[in-house]
Amino acid sequence: MKHMPKNSMCIFLCLLMAFSLAACSAGTELTEQNINQTVAKVEKALKDFDEKELKKYVESDTLSKILAVSNGKKQFKELGQAIFKDLSISVDSIDIENSSVTVSILNKDLYQPASDFATELSQTYTDVQLIGKLNDEDFLNNNLSKLTKQIDSAPMQTQPQQVTLGIKKGKKNLVLVFDEEAENAVSGGALGAIMKAFSASL
């Protein structure tokens with residue numbers, strides 16, 4: 001290889017770059033392989049509560065607003081990891097023509113603990129007070145850790161929920177679009193309740 005003429009080396013490097021660009025651009029193509037890979041990436045991003053990956057692969061009004069508030073705070077990351085720890089998403093069918101994928105989602109049943117948490121906060125603080133509390137480390141440590149513990153002890157759902165997600169082409173990858181039904185399904189009902197608790201600041 002070290003004796004390769006300069007012209008041949010240039011051609012080789014150009015071909016290598018072209019191949020790399022083609023491989024990258026394939027990530028935005030609506031193929032069954034790319035859609036399956038995107039669903040797997042979204043599941044992992046949720047379980048890890050990886051904010052960077054979630055912003056890259058997920059379009060969700062509620063989740064986007066929560067991520068804007070969490071802003072990398074460890075308490076929200078730990079809460080997100082607790083919410084999605086036992087999540088599983090499996091692909092049932094892919095509709096390339098309508099840019100959608102139908103999935104079965106199974107998680108813990110988190111509606112009640114999240115609802116109780118939201119109700120307690122709304123009865124204790126005004127919306128304006130809650131805005132200030134989002135930057136109060138003691139508040140976040142005490143309240144979000146309490147919700148995290150309640151989530152840890154919540155039971156698993158008995159049956160998976162089937163939802164259909166839209167698919168969009170991002171700059172370098174496919175993006176899954178979550179509506180309210182999908183948000184609640186993937187979070188076991190928790191996202192809607194948390195959204196309600198922090199509605200003034202989101």
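Among contacts in the chain between residues at least 6 apart in sequence, 71% link residues at least 24 apart. The model is a predicted one. Its chain has 202 residues, and 39% of them are buried. The secondary structure amounts to ten helices and five strands.

The five strands build an open sheet. Their order is β1-β5-β4-β3-β2, and the pairing is mixed. The edges are formed by β1 (58-59) and β2, each of which pairs on one side only. Helix α2 (residues 32-48) packs on this sheet. Helix α2 touches β1, β2, β3, β4 and β5 (174-177). The direction of α2 makes about 155° with that of β2.

Strand β3 (residues 100-106) is joined to strand β2 (residues 88-95) by seven bridges, and the two run antiparallel. Strand β3 is also joined to β4 (residues 161-169), by six bridges and again in antiparallel fashion.

The hairpin of β2 and β3 has four residues between the strands. Aspartate 95 has serine 100, in β3, as its bridge partner. Serine 99 lies in the loop between β2 and β3. Its phi is near 50°, a positive value in a residue other than glycine. Most residues other than glycine have a negative phi. With a relative accessible area of 23%, serine 99 is partly exposed; the cut-off for burial is under 20%.

Serine 100 lies in strand β3. At 12% relative accessibility, serine 100 counts as buried. Neighbours within four places in sequence aside, serine 100 is in contact with Ile94, Asp95, Thr164, Leu165, Gly166 and Ile167. Leucine 30 is 70 residues from serine 100 along the chain, and the C-alpha atoms of the two are separated by 9.6 Å.

A positive phi also occurs at phenylalanine 49, where the value is near 45°. This residue, too, is other than glycine. Phenylalanine 49 lies in the loop between α2 and α3 (51-57). Its relative accessibility is 4%, so phenylalanine 49 counts as buried.

Helix packing was examined for two pairs. The axes of α2 and α5 come within 6 Å and cross at roughly 125°. The two helices are therefore oblique to each other. On the α2 side, the contact is made by Leu46, Lys47 and Asp48. On the α5 side, the residues are Lys77, Gly80, Gln81 and Phe84. By class, this contact of α2 with α5 has two nonpolar, two polar and three charged residues.

Helix α6 (residues 111-124) packs against helix α8 (residues 137-152) at an angle of about 150°. Their axes are 9 Å apart. The angle makes α6 roughly antiparallel to α8, as angles over 145 degrees count as roughly antiparallel. The crossing of α6 and α8 is right-handed. Helix α6 contributes Pro113, Ala114, Phe117, Glu120 and Leu121 to the contact. Helix α8 contributes Phe139, Asn143, Leu144, Lys146, Leu147 and Gln150. The residues of the contact of α6 with α8 divide into seven nonpolar, two polar and two charged.

Lysine 73 is found in the loop between α4 (61-70) and α5 (74-84). Lysine 73 is buried, with a relative accessible area of 17%. Leaving aside neighbours within four places in sequence, lysine 73 is in contact with Leu134, Asn135 and Leu140. Of these, asparagine 135 is 62 residues from lysine 73 in sequence. In space, lysine 73 and asparagine 135 are 9.4 Å apart, C-alpha to C-alpha.

Technical notes. Residues numbered from 1 in each chain as written. Predicted model: local features only at pLDDT ≥ 70, side-chain atom pairs only at ≥ 80, totals over all residues. Heavy atoms only, no water. Axes fitted to C-alpha atoms, helices over the stretch in contact; angles between N-to-C directions. Parallel < 35°, antiparallel > 145°, perpendicular 65-115°, else oblique. Left-handed = near helix turned anticlockwise from the far one by under 90°. Contact = heavy atoms within 4.5 Å. Nonpolar A, V, L, I, M, F, W, Y, C, P; charged D, E, K, R; others polar. Pairing = 2+ DSSP bridges. Buried < 20%, exposed > 50% of the residue type's maximum accessible area, 1.4 Å probe, protein only.
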